[in-house]
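Please examine the following model through a series of questions and answers on its helices, loops and contacts.

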Amino acid sequence: MADLHDLTALELAAAIRSGQTSPTEVLDHTLDRMAALDETVGAFITRTPDLAREQARAAEGLLAAGRDDPGTLPPLLGVPCPIKDLNLVAGVPTSFGSAALAGYLPDVDDGVVIRLREAGTIMVGKTNTPEIGLPSYTQPDIAPPARTPWDLTRSAGGSSGGAAAAVASRIVPMAQGSDGGGSIRIPAAACGLVGLKPSRGRISTGPYGVPGPGLGTNGVLTRDVRDTAAALDVLAVGWPGDTYSLPLPDGGFLAACDADPGALRIGVLTQPIITPDAPVHAEAIRAVDHAVRVLEGLGHHVDTAPVPFPAEKWEPFRDLWSVLAASAPIPPEREHLLVPLSRWMRERGRGVSGITYANAVSAGQQLTRDAARTWAEFDVILMPSLAQPAELVGSSRNDDDPAADFEAQMAFTPWTSTWNIIGAPAISVPLHWAPVEPDGPVLPFGVTLGARTGREDLLLALAATIERAEPWLDRVPPMG
């Protein structure tokens, strides 16, 4: 058997069920990896070894009871899976990446935490995130920056940066994340991982949360497509009273990875959407060219896709995003502890009138129609995940000029938020790798595949065929 940290989540679960290893042995190995690597890559805000040991012992009890009928065991029994510090875990400190919320101790688990626990995963800690999940980098005041293990001078991205750093450095095989404007796909691209933003309504915000304007969703970061599909099977079970919901595909999402997607019509878009003048790195374009060659070799029909809507029509997203920031429950007496970007965004959000907000929601819904009409002839849209390689740590955060900070984030991520606005699924896969400076480290460049709402099964089938054609799982970063 390979080293435990080199196994995927599904491989690890299979090894535990077969008796090749045990939940306790896996946890010990994970905690050792965490102790050795965490401070370097900035993956965790909080470690929970005592809770993890309690869950590992419970997993071993389930194994003993189900030894004669392993089919009854949870699918991810004994697999370490940390939770992002934006999601509640009962009895575990949750700071939302902010000094203003330090000390908060929730008394309930978020729905996705419940689903992952039901699947048998072991919660080893809370992963690093920027303050209230706003920026595309993970550099909170309360923890070290999250770094990509491919080049420790560069950021792991955000806002699920700690989750990505934990998976890419092989501390854990999968980690929960969330995505309101690219926050799963951005760190996936920066860290050479698979990151799926599911459709609006695919993963419930229940039983305690509500979807609001429907921009954000939960998910996971993994090293391969099958692990992402297996996690989606677990997380796509809804809760009573869901505002949005989608039917599950026959056979589930993991089974879709073995399905033939057929000959698809794939549209290629390399023109930035929300910032048309954003510079796009040559290797980001080469990543798309690489994907085109693979897709054509697999028998798909590839053509150029138009920009789905004019950039100015994206502007209402600013209003939605700033109102979401202003809605964060920050105690007034602790507002001064927020970073400048959060304060600036919250102040902007307080100035958005009810009519302006309602119009922004309507504008987003209209963009969903515009994109569907513009891309009607395609089954899948292919684009770069990011306009540039992973950013140097500290290069984006601009405390002196938060507005410029936000503009820089837009230029770095000129495609990602489109998929949040239209509510459709998109997956970033690490197909291309290249240095960006002479004698520099090889960096991952993700490409994103997007499909119509509800077609995660198609995306996973297509991504799995790409992974089989050009595997990336054996690529190991220098750190990890």
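**Helix packing, loops and contacts**

P23, T24, L27, D28 and L31 of α2 meet P49, A52, R53, A56, A59, E60 and L63 of α3, where contact means heavy atoms within 4.5 Å. This is a predicted model, in which local features need pLDDT of at least 70, side-chain atom pairs count only at pLDDT 80 or more, and totals for chains, interfaces and linings use all residues. Residues are numbered from 1 along each chain as its sequence is written, and side-chain values use heavy atoms, with hydrogens and water left out.

Q: How do the residues of the contact of α2 with α3 divide into nonpolar, polar and charged?
A: Ala, Val, Leu, Ile, Met, Phe, Trp, Tyr, Cys and Pro count as nonpolar, Asp, Glu, Lys and Arg as charged, and the others, Gly among them, as polar. On this basis, the contact of α2 with α3 comprises eight nonpolar, one polar and three charged residues.

Q: At what angle do helix α2 and helix α3 pack, and are they roughly parallel or roughly antiparallel?
A: Helices (H or I, at least four residues) and strands (E, at least two) are DSSP runs, numbered from the N terminus. Axes are lines fitted to C-alpha atoms, for helices over the stretch in contact, and angles run from 0 to 180 degrees between N-to-C directions. Helix α2 (residues 23–41) and helix α3 (residues 49–65) have axes 8 Å apart and pack at an angle of about 155 degrees. Angles under 35 degrees count as roughly parallel and over 145 as roughly antiparallel, so α2 and α3 are roughly antiparallel.

Q: How are α7 and α15 placed relative to each other?
A: The axes of helix α7 (residues 225–235) and α15 are 9 Å apart, and the two helices pack at an angle of about 160 degrees. That angle makes α7 roughly antiparallel to α15.

Q: Which residues of α7 meet α15?
A: On the α15 side, the residues are E456, L460, A463, A464 and E467. The residues of this contact of α7 with α15 divide into six nonpolar, one polar and two charged. On the α7 side, they are V225, T228, A229 and L232.

Q: What span does helix α9 reach from its first C-alpha to its last?
A: Helix α9 covers residues 282–297, which is 16 residues.

Q: Which residues of α9 are buried?
A: Buried means under 20% relative accessible area, exposed over 50%, and partly exposed in between (1.4 Å probe, protein chains only). What covers the buried residues of α9 includes β7 (265–268), β8 (301–304), β9 (380–384), β10 (426–435), β11 (442–451) and α15 (456–469). The buried residues are E283, A284, A287, V288, H290, A291, V292, V294 and L295.

Q: Is S417 buried or exposed?
A: S417 is found in helix α14 (residues 416–422). Leaving aside neighbours within four places in sequence, S417 is in contact with G181, I274, W314 and F317. Its relative accessible area is 4%, which means that S417 is buried.

Q: What is the omega of the cis peptide bond that joins G158 and S159?
A: S159 is placed in the loop between β3 (125–127) and α5 (161–168). The cis bond joining G158 and S159 has an omega of about 10 degrees.

Q: What is the relative accessible area of Y137?
A: Y137 is in the loop between β3 and α5. Not counting residues up to four places away in sequence, Y137 touches P130, S155, G157, G158, L341, S396, R397, D405 and Q409. Y137 is buried, with a relative accessible area of 3%.

Q: What is the phi of R170?
A: R170 lies in the loop between α5 and β4 (174–179) and is buried, with a relative accessible area of 4%. The phi of R170 is a positive value in a residue other than glycine, near 65 degrees.

Q: How far apart in space are L473 and V225, C-alpha to C-alpha?
A: L473 is found in the segment after α15 and is partly exposed, with a relative accessible area of 22%. L473 touches T8, R170, R223 and D224, not counting residues up to four places away in sequence. L473 and V225 are 248 residues apart in sequence, and their C-alpha separation is 9.8 Å.

Key:
The expected span of a helix is 1.5 Å times one less than its number of residues. Angles under 35 degrees count as roughly parallel, over 145 as roughly antiparallel, 65 to 115 as roughly perpendicular and the rest as oblique.
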